[in-house]
Amino acid sequence: MPIKVLAPEVISKIAAGEVIERPASVVKELVENSLDAGASQISVEAQGGGIDLIKVIDNGAGIPASEVELAFHRYATSKVSNLDDLGNISSLGFRGEALPSIAAVAEVEISTKASSDAVGSYMYLRKGDIVRRESHARPQGTTITVHRLFRYFPARLKFLKSANAENSHIAHIVSHLALAFPEVRFSLLLDKHLSLQTAGNGNLRDVVNQIYGLKLAQGMLKVKWRGTLSEISGLVSPPSLSRSNRSYLSLFVNRRWVYSSLLIRATEKAYHGLLMDGKHPVAIINISLPPEEIDVNVHPTKAQIKFHHEQAVFATVEEAAKGALTAAPIAKPGAISPSTTSRQELASLRWQGQMVGEKEPAFTAPLPTPGLPVLRVMGQLANTYIIAEGPEGLYLIDQHAAHERILYDRILAQWSQAEVEVQGLLQPITIELTPGEEQTLEANKETLAQFGFTIEPFGDRSHLIRAVPVMITKANVIEAVSILLDNLASKDSPTPWEEKIAQSLACHSAIRGGQQLSNEEMRELIKQLEQTKQPRTCPHGRPTMIQLSSYQLEKEFGRVS
Ligand code: ADP
Ligand code: MG
C-alpha cells in the first residue's frame, strides 16, 4: 500500500517512545525496513561504532519517487492504515517513526528506486530538513546512509560506549536478524572488515555456522512443531553443548527477535534435569502465530510482545524443544545423522493438529522414548565405570549416576501412581532432629508419607522412623532422612518437591563408585538404563556416560584425518 500519514486515532494507539538510542538501533530499524521491503540481499556497513557512518543497502521493493519525502514524515507508513491493522501486524515496522527519528538526529542520504519508476530518487536530509533532492539512475532497491549520528546531541554521545562496544551491539543485532531470516543474504562490514556474511540459502544451520561456528552448527538439534494455529521451528543445543549464560537463547515471534522471559523459561524448562546448575542451552527458536494472537504494539523498540494465550505458548514451546531433545539419538560428531530428521518428522506428524489457544497443554501425544542403542558390557574400570560397546563406539558409564537415573525414574513413576513400595521397619529407628528439621518434617509430612515415610514424634527432639520406601532400606536410613530434610528445606532451587525427594532417595540408594559389580549386575544395570527416558543424564543433570564414537576412535588413532 502507498505510504500515508496515520490518522490521529491510530497514532494515539501507538506505543510511542524513543526508538533511536544508539547506533545499533539505527541499524535495526533500517534492516527491518529492508526486510519488510522483501529484500533478498542486505548489506550493512558501519564505521566508528556507527557514529561516523551507517549504510544499509538492499535490493527490496524500493520507494516510489512520489513517496520518498513522505517516508520521512512522522507516522507515515505503508504498513498499516487503520485501527484494525494494528491488531494484525505482519511486518516488522508499523509506526512510521524510524526514518523521521533517524533523520532528526543525523544527516541522512537516501537513494531508492521502485520497480514502477523509470529512474530512482536521491535525497539528502540534515536534521530532518531536505537539503537536496534529485533523480538518478540506479537499480531497484534502497540505500540509506546515516552520517554523523548524534553530532548535535552531545548528551546522547556521552551515553554511548567505545566504538568497539557499539560495533559489537551492531554485530549482535545483525546476527539475530540473520538468524531470523536465513533466506536473506546478509553482509556486515565493520570499519571495513567483513564481520559477517551469510549465504542466504535458507538453511539456518549455515547461519549458525557463520555466527557460532561449526561445532554448534553440526551438533544442534532440529525443532519442528506444527499445530493448527502455530508452528515452532529452529535449532536447540543438546545438553552437551550448553553455555554458562543465557545470551545464546534467541527467540523470535513471527521472525521478530523478542525479549520474552516466558519463552526463555519455556525453553529452559525443556532442559529440566538435563543441565547442570548454571548451564544454559543454545536455542534459536521461531514461533509463528497468527498476528492476532500477539500484540507487538506494547513497547517502543518492538522488542517485547504480549501473547493472548500465554500458557498455551509456554506449553507448546517447552514441548517442541523437549521433542527435539528426546528424539535425538547420540549423534556422531561431524555428521548430522539422517535418523534425527526422520524421527523428528515422525514426531511432528504426531503432533499435528494441536491447537494454540487451548487452556490445557497442547501436547497430549506421548513423546518418543529415545532409549540407548543395545550395549554390550565389556568390563568394569576402577570399580566405578562400566565399559561397554555399542553400534556408535565405546561407552564409559558411571555406575552411580546410571543407577541414580534408574531409581529416580522408578520412584517418580511409583509415586505418580500412588504405588510407592513401602517397607515397615521391625525395629523403628530413632532420629534426633534440629528445630529447623522438625519444621521441614512438619511442613512436608503428607508428601513424605506419599513416598512411604512414616515418621512420628517421640518426645523432645526425637522421632521414630517406622516405615521407609523399600528403595532405601539397604542404605543408611538416618543419613538418608537428614539429607532429604536438608534438600526439602533449601529454598533456592526451583525443583518441585516430589523431584527433590526422588533425587534424594535415588542418590542415597544408588550403588556407589568403588563397588565391584558382577557381569550379571552390570548387564542388568545397562538394561534398565536403556529403558529410562533420559539415559544420558543423572537426575542432577550430570552425564551418566561418556561416549567415544567410532569416528573419534579412528581419528585418535590416525586412521582418518
Ligand atoms: P515503518 O517501517 O514503521 O513503516 P519507517 O519510518 O521505518 O516506518 O519507514 C517509513 C516507510 O518508508 C515504510 O513504511 C516504507 O514504506 C518506506 N521504507 C522505508 N525503508 C524502506 C526500504 N528499505 N525499502 C522500501 N521501503 C522503505
Ligand atoms: Mg521501519
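Colleague: Which residues are the closest to ligand 1, and how many surround it?

Modeller: In this predicted model, 21 residues surround ligand 1, and the closest are Asn33, Thr77, Ser78, Lys79 and Gly96.

Colleague: What makes the pair formed by Asp58 and ligand 1 a polar contact?

Modeller: A polar side-chain atom of Asp58 lies 2.9 Å from a nitrogen atom of the ligand, and a pair of N or O atoms counts as a polar contact within 3.5 Å, so this pair qualifies. A backbone N or O atom of Gly96 lies 2.8 Å from an oxygen atom of ligand 1, and a polar side-chain atom of Thr142 lies 3.4 Å from a nitrogen atom of ligand 1. Taken alone, ligand 1 exposes 530 Å², of which the protein buries 94%.

Colleague: Which element gives the most to the shell around ligand 1?

Modeller: Helix H5 does, with three residues; the elements that give two or more residues are helix H2 (23-36), strand E4 (76-77) and helix H5 (98-104). By class, the shell holds nine nonpolar, eight polar and four charged residues.

Colleague: Why is helix H14 called roughly perpendicular to helix H16?

Modeller: The axes of H14 (residues 435-443) and H16 (residues 477-489) come within 9 Å and cross at roughly 75 degrees; angles of 65 to 115 degrees count as roughly perpendicular, and therefore the term applies to this pair.

Colleague: Which residues make the contact of H14 with H16?

Modeller: Glu437, Thr440 and Leu441 of H14 make the contact with Ser482, Leu485, Leu488 and Ala489 of H16, and by class these comprise four nonpolar, two polar and one charged residues.

Definitions and conventions
Residues are numbered from 1 along each chain as its sequence is written. Chains are lettered from A and ligands numbered from 1 in the order in which they are written. This is a predicted model: local features need pLDDT of at least 70, side-chain atom pairs count only at pLDDT 80 or more; totals for chains, interfaces and linings use all residues. Side-chain values use heavy atoms; hydrogens and water are left out. A residue is near a molecule or strand if one of its heavy atoms lies within 4 Å of it. A polar contact is a pair of N or O atoms within 3.5 Å; within protein, one must be able to donate a hydrogen and the other to accept it, and residues adjacent in sequence count only if both atoms are side-chain atoms. Accessible areas come from the Shrake-Rupley method with a 1.4 Å probe; for residues, only the protein chains shown count as cover. Helices (H or I, at least four residues) and strands (E, at least two) are DSSP runs, numbered from the N terminus. Ala, Val, Leu, Ile, Met, Phe, Trp, Tyr, Cys and Pro count as nonpolar, Asp, Glu, Lys and Arg as charged, and the others, Gly among them, as polar. Axes are lines fitted to C-alpha atoms, for helices over the stretch in contact, and angles run from 0 to 180 degrees between N-to-C directions. Angles under 35 degrees count as roughly parallel, over 145 as roughly antiparallel, 65 to 115 as roughly perpendicular and the rest as oblique. Contact means heavy atoms within 4.5 Å.
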